[in-house]
Amino acid sequence: MAMVTNWMSQTLPSLVGLNGTIISPEGTHERIVSGLYPGSEEGWQVYSTASDPDGRCVCTVVAPARNLCKRDPRSRQLRLLTEQVQNVSQSMEVVDLRTSRDQQYVRDSEPLMRGVDGRLHTYVSNPRTLTTKGLQELKGQMSQLRPLLSVVEQYRLDLQTLTTLRMELYNLSIIMTSIQEEIGAYDYEELQQRVLLLETRLHSCMNKLGCGRLTAVSIPITVRASGSRFGSWMTDAMIPSSDSRVWSMDGYYKGRRVLEYRTMGDFTKGQNFVQHLLPHPWAGTGHVVYNGSLFYNKHQSNILVQYHFRSRTGGGSSDIDLMADEMGLWAVYTSIPNAGNIMVSRLDSNSLEVLRSWDTGFPKRSAGESFMICGTLYVTNSHLAGAKVHFAYHTNTSSYEYTDIPFHNQYSHISMMDYNPRERALYTWNNGHQVLYNVTLFHVIRSDG
């Protein structure tokens with residue numbers, strides 16, 4: 001058997017692309033979205049989507065991209081208004097400086113003006129008191145006061161400027177009030193909160209669409225031919241996740257080398273990869289990458305190793321398959337006390353402690369591979385050609401059923417079959433070939449709000 005990863009599954013009439021994305025028939029979904037919603041160049045992005053079992057778009061959430069909000073037309077208008085306010089402020093500063101300077105000039109000229117005024121009154125009452133020398137002094141004082149005329153004229157112009165500034169500020173106030181009335185109730189932070197709420201409801205919708213009973217497995221899609229007869233390959237099983245890396249582990253036991261590829265496209269070409277050397281060799285092909293960490297069974301032991309963190313001890317035999325789905329991390333194994341039947345244990349992803357265990361009653365000697373979808377363990381009856389999905393154990397009801405779901409074993413021997421919830425496809429290692437299968441699920445959707 002091999003480990004299984006899963007979060008949400010759904011019917012996929014489309015294929016899984018080499019870059020790890022779901023390709024809908026003829027790009028219909030992409031055309032619909034681009035036709036109905038503005039693109040990222042207009043400051044919006046598709047936040048999240050969900051599709052129904054037939055591949056039709058059920059719901060799409062669009063929201064302003066945080067790094068693109070500055071391109072929103074309303075943001076541009078607000079930016080222009082801000083610039084105008086800054087210009088007005090600068091103009092008022094200039095007027096204030098000039099007024100302060102002129103006021104000081106007037107204050108300095110005030111004693112001179114009083115002296116001239118007194119002498120003029122004396123001259124009017126008694127013209128003979130004004131001598132030739134006094135007349136020359138009076139003319140000199142008048143010449144000193146003449147610049148006050150230009151100062152007064154400047155005051156007049158400044159008053160006009162201030163009147164213009166007041167009108168601009170008034171117009172700005174009206175415009176900004178109008179904009180505030182339009183978008184004030186929908187500022188970015190509040191819009192973001194609404195989007196998060198919609199995303200939560202969207203994930204609930206996707207959970208209802210994604211989980212169901214397996215009814216069919218598609219024709220195989222060969223991604224790459226590499227490695228030996230036994231091995232495993234995977235992407236991160238945690239949902240949601242933007243991690244597009246692919247990991248490959250060639251061999252059945254004593255291996256320690258893990259190849260990490262940047263994308264699915266790089267994996268298909270065998271390029272852009274780094275090598276990790278594990279601290280302990282692995283056993284089997286039941287490995288899983290969950291939330292950025294590799295979980296695997298240490299060779300000849302019942303120890304589960306969490307790479308990059310620390311090793312943990314666990315129960316069961318040395319043949320442990322690790323799996324992950326929307327309910328968390330799982331271990332599938334057999335033990336002597338359970339007479340060789342397949343056991344399923346749900347684990348705490350942080351401590352690797354067993355939260356609950358189930359005895360499926362199905363003997364391991366009759367099993368080929370296994371995988372989990374939404375808390376249900378599916379078991380094939382053989383590793384070889386002609387195998388079928390023969391048995392299903394539902395942990396939510398602690399019940400089982402026998403199934404008859406055929407799938408094409410293209411390269412004769414499967415050593416690993418895991419359901420990946422992110423790609424919503426079965427990952428298999430088929431005699432040195434890395435192969436994908438889409439699945440068909442029967443959905444029961446309840447309207448519980």
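Residues are numbered from 1 along each chain as its sequence is written, and side-chain values use heavy atoms, with hydrogens and water left out. Because the model is predicted, local features need pLDDT of at least 70 and side-chain atom pairs count only at pLDDT 80 or more, whereas totals for chains, interfaces and linings use all residues.

Strands here are DSSP runs of E, at least two residues long, numbered from the N terminus; two strands pair if DSSP finds at least two bridges between them.

**Second stop: the ring cluster**

Show the side chains of Trp-233, Tyr-261, Phe-267, Phe-273 and Tyr-427, which ring pairs link into a cluster. The structure as a whole holds 13 aromatic pairs. The rings of Trp-233 and Tyr-427 have centres 4.4 Å apart and planes at 35°, so this pair is tilted. Trp-233 belongs to strand 7 and Tyr-427 to strand 24 (residues 425–430), so that the pair links parts of the chain 194 residues apart. Rings of Phe, Tyr and Trp (its six-membered ring) pair if their centres lie within 6.5 Å; planes under 30 degrees apart count as stacked, over 60 as edge-to-face and the rest as tilted.

Are Trp-233 and Tyr-427 buried or exposed? Trp-233 is buried, with a relative accessible area of 0%, and Tyr-427 is buried too, at 1%. Buried means under 20% relative accessible area and exposed over 50%, with partly exposed in between (1.4 Å probe, protein chains only).

Now select Arg-224: its charged end sits over the ring of Phe-267, 5.1 Å from the ring centre. The criterion is NZ of Lys or CZ of Arg within 6 Å of the ring centre and within 35 degrees of the ring normal.

Select Ser-415 in strand 23 (residues 414–420). This serine is buried, with a relative accessible area of 4%. Its C-alpha atom is separated by 5.6 Å from that of Phe-230, 185 residues away along the chain. The side chain of Ser-415 reaches the backbone nitrogen of Gly-231 at 3.4 Å. Such a polar contact is a pair of N or O atoms within 3.5 Å; within protein, one must be able to donate a hydrogen and the other to accept it, and residues adjacent in sequence count only if both atoms are side-chain atoms.

Then go to Asn-297, found in strand 12 (residues 293–297) and buried at 0% relative accessible area. The Asn-297 side chain reaches the backbone oxygen of Ser-301 at 3.3 Å.

Strand 19 pairs with strand 20 (residues 376–380) in the antiparallel sense over 4 bridges. The two strands form a hairpin with 2 residues between them, and Cys-374 in the turn has a positive phi of about 55°. Ile-373 has Thr-376 as its bridge partner in strand 20. Thr-376 is buried, with a relative accessible area of 8%, and a polar contact of 3.0 Å joins its side chain to that of His-394.

Which residues touch the most other members of the largest nonpolar core? They are Leu-214, Phe-371, Ile-373, Phe-407 and Leu-426, in a core of 20 residues. Strand 5 (213–217), strand 19, strand 21 (388–394), strand 23 and strand 25 (433–442) each supply at least two residues of this core. Strand 25 gives the most, with 4 residues. A nonpolar core is a set of buried Ala, Val, Leu, Ile, Met, Phe, Trp, Tyr and Cys residues joined through side-chain atoms within 4.5 Å.

Finish with an open sheet of 4 strands in the order 15-16-17-18, with antiparallel pairing. Its edge strands are strand 15 (321–325) and strand 18 (354–363). The twist averages 25° from one strand to the next. Strand 15 and strand 16 (residues 328–334) pair over 5 bridges, and Ala-324 stands opposite Leu-329 in strand 16.

Terms used: Axes are lines fitted to C-alpha atoms, for helices over the stretch in contact, and angles run from 0 to 180 degrees between N-to-C directions.
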